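Visitor: Could you walk me through this one, with the criteria spelled out as we go?

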Amino acid sequence: MLYKIKNIFNKINIVFANNDKYIKILRKMKVQIGENCIIDKTAVFGTEPYLITLEDNVRITRGVKFITHDGGLWTARNLGLLDKNVDRFGKILVKENTNIGWNSIIMPGVTIGKNCVVGCNAVVTKDVPDNSVVAGIPARVIQNIEEYADKNKNRCVITKHMNPDEKYKFLSEYYNLDY
């Protein structure tokens, strides 16, 4: 009963936490987190969060899931193909200056290199080299970070200094929205 009450209070703390407080909560769960990271509170750090390391300047967006063990072995164990007490785990490392897009899944044993972008909904099943953009299921390298920046530089607008109302007005005019 005490465990359930503590779990409820932890969830309430997460809901009301800002990014810095949320990172402190994750560090208490033993997630290794570097400096200047941004982590959405909907991210899932699996049942072994202590196997996950995020280096400096990593951004984890909405719905990202880190899977640190192979739950599929359940079937093999039940068939008697493996001992009923075995599990398979894998550390996950996300190196510096990497952005992981919405709803991506990072599988056990994966290292994502420096300066990478993981596209939305990607399922990363193997290591990602430095300076890469990966997407798909399973994720594969689609270009390097320089190609990605070059492809997008003429599609960008400057809005980071704007508050939400200013951005709405600007984008409404930019895209000729009628609402």
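Predicted model: local features only at pLDDT ≥ 70, side-chain atom pairs only at ≥ 80, totals over all residues.

Visitor: What makes the 30 residues a nonpolar core?

Guide: A nonpolar core is a set of buried Ala, Val, Leu, Ile, Met, Phe, Trp, Tyr and Cys residues joined through side-chain atoms within 4.5 Å, and buried means under 20% relative accessible area (exposed is over 50%, partly exposed in between; 1.4 Å probe, protein chains only). The largest such set here has 30 residues, with Ile39, Phe45 and Ile60 among those with the most contacts inside it. Helix H2 (19-28) is one of its suppliers, and H2 gives the most, 4 residues. Helices (H or I, at least four residues) are DSSP runs, numbered from the N terminus.

Visitor: How do you know that the buried residues of H2 sit on the same side?

Guide: In H2, Tyr22, Ile23, Ile25 and Leu26 are buried. They cover an arc of only 155° around the axis, so they share a side of H2; the arc is that of the directions from the helix axis to the C-beta atoms. On the other side, Asp20, Lys24 and Lys28 are exposed.

Visitor: And what covers the buried residues of H2?

Guide: The cover includes helix H1 (2-16), with contact meaning heavy atoms within 4.5 Å.

Notes. Residues numbered from 1 in each chain as written. Heavy atoms only, no water. Helix = DSSP H or I, 4+ residues; strand = E, 2+ residues; numbered from the N terminus.
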